[in-house]
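Colleague: I would like to learn how to read a protein model feature by feature. Could you walk me through one?

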Amino acid sequence: MRTAITGAVAAAILALAIPAQAADQVSLRTDWIKSAYHAVWYHAKDKGVFAKNGIDVDIRDGRGSVITAQTVGNKTVTFGTADGGAVMVLVSKGLPVKIVASYLRTNPVAIIFPKKNGWKSWKDLAGSRIGFSAGGATAAYFKALAKKNGIEGKVKLVFMEPAAKLAALLTAKVDAIDSFGFLQAPKATAAGIPSTYFSYASGGIVVPGLSLIAHNDTIKDNPDLVGRMVASVREALALGQKEPEAAIASLLKVAPNLKPDISLDILKASFDLFENEASKGKPSGWTSPDDIEKAQKTLIEFKRIKKEQPIDAYFTNAFVPKS
């Protein structure tokens, strides 16, 4: 006697017979080598945030925002996280990329230096040697900043690999370094060199912070993928703020040489930059049109952008919820 197949069993058999839809293979190149503020991406991957949105993400180290943006522009990688100002400059030169979500909405770039230098203002940097990342975006900002603050031609820029900058500062091969203030000052202090920093914003250079970028073709031809990636990023940011200790634990799996306590402090400090005055009350990922417009004026003033562009050439909020 045959046993009747129940509807539930039949559905289960049918489900096994139909292959699950494969997740999209996506590469995400960060702006920098693995650092504490990148923990949010690794934690989100561990927690299945990207997978839930149909994305199999490969997170890759960056070597500066310019290089990251260029690799998105030539489609070597699918997405990137890069300095918004650097992206704007490259877009003005024809790079076919666009900001699709902003997350460090206050720019963190600064000049970090030992407190023993005794510097009180930008003019005190005259005669100093400052370490910059080879391939980074911010040397151009510094040149504009130097001109604005009366130290043009009075500072020596020393280019090196990103990973070498802190060691160069600690061994006095340079007098200061260019990086994210919240990232490097705590590291230098923990290594026995109490340090502080001047933010570029304090010197009159105001540009967008870190943003998620995509190629224009990806935005046009696969908006669903971009939407799912932006959703993943927004959830990653929220999860990282909720579970910072777990986020650092995820990061340490791939970067075991990082120090847990310092990394946790750095990650928490980065959360303060997730909002700025223009983004208050707006959803995470939202880019302020006013910020972009002001940044373009600054970049034109200092000859980083030669010709004014429509501001929507630089960004879109189409993939961020309106509320």
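Modeller: Gladly; we will go through sheets, helix packing, cores and backbone angles in turn. Keep in mind that this is a predicted model.

Colleague: Let's begin with sheets. Which order do the strands take in the open sheet that contains β10?

Modeller: The general idea comes first: strands of a sheet pair through backbone hydrogen bonds, in either a parallel or an antiparallel sense. Here, five strands form an open sheet in the order β2-β1-β3-β10-β4, and the pairing is mixed. Its edge strands are β2 (55-60) and β4 (97-102), each pairing on one side only. On average, neighbouring strands are turned by 30° against each other, with direction ignored.

Colleague: How do I see the mixed pairing in the individual strands?

Modeller: Follow β3. With β1 it pairs in the parallel sense over two bridges, and there Leu 28 has Phe 79 as its bridge partner. With β10, β3 pairs in the antiparallel sense over five bridges, and Phe 79 has Ala 214 as its partner in β10. Further along, five bridges join β4 to β10 (residues 210-215), again running antiparallel; Val 97 stands opposite His 215 there.

Colleague: Is β3 mostly covered or uncovered?

Modeller: Mostly covered: five of its five residues are buried.

Colleague: Which helices pack on this sheet?

Modeller: One is α2, which touches β1 (24-29), β2 and β3 (79-83), and its direction makes about 150° with that of β2. Another is α4 (residues 65-73), touching β1, β3, β4 and β10, at about 150° to the direction of β3.

Colleague: How many residues of α4 are buried?

Modeller: Seven of its nine residues are buried, so α4 is largely enclosed by the rest of the structure. The buried ones are Ser 65, Val 66, Thr 68, Ala 69, Thr 71, Val 72 and Gly 73. They pack against β1, β3, β4 and β10, and also against α5 (84-92).

Colleague: Now a helix pair. At what angle do α2 and α11 pack?

Modeller: Helix α2 (residues 39-46) and helix α11 (residues 244-254) pack at about 90°, with their axes 8 Å apart. Angles of 65 to 115 degrees count as roughly perpendicular, and α2 and α11 are therefore roughly perpendicular to each other. On the α2 side, the residues in contact are Ala 39, Tyr 42, His 43 and Asp 46. They meet Ala 246, Ala 247, Ile 248, Ser 250, Leu 251, Lys 253 and Val 254 in α11. By class, this contact has seven nonpolar, two polar and two charged residues.

Colleague: What about the nonpolar core? How many residues has the largest one?

Modeller: It has 94 residues, and those with the most contacts inside it are Trp 41, Phe 79, Ile 111, Leu 125, Phe 142, Tyr 200 and Leu 212. Helix α10 (residues 223-242) gives the most to this core, with eight residues. A second, separate core has nine residues, including Ile 112, Leu 166, Val 174 and Ala 188.

Colleague: Is Lys 303 buried or exposed?

Modeller: Lys 303 counts as exposed, because its relative accessibility is 63% and the cut-off for exposed is over 50%.

Terms used:
Residues are numbered from 1 along each chain as its sequence is written. This is a predicted model: local features need pLDDT of at least 70, side-chain atom pairs count only at pLDDT 80 or more; totals for chains, interfaces and linings use all residues. Side-chain values use heavy atoms; hydrogens and water are left out. Axes are lines fitted to C-alpha atoms, for helices over the stretch in contact, and angles run from 0 to 180 degrees between N-to-C directions. Helices (H or I, at least four residues) and strands (E, at least two) are DSSP runs, numbered from the N terminus. Angles under 35 degrees count as roughly parallel, over 145 as roughly antiparallel, 65 to 115 as roughly perpendicular and the rest as oblique. Contact means heavy atoms within 4.5 Å. Ala, Val, Leu, Ile, Met, Phe, Trp, Tyr, Cys and Pro count as nonpolar, Asp, Glu, Lys and Arg as charged, and the others, Gly among them, as polar. A nonpolar core is a set of buried Ala, Val, Leu, Ile, Met, Phe, Trp, Tyr and Cys residues joined through side-chain atoms within 4.5 Å. Buried means under 20% relative accessible area, exposed over 50%, partly exposed in between (1.4 Å probe, protein chains only). Two strands pair if DSSP finds at least two bridges between them.
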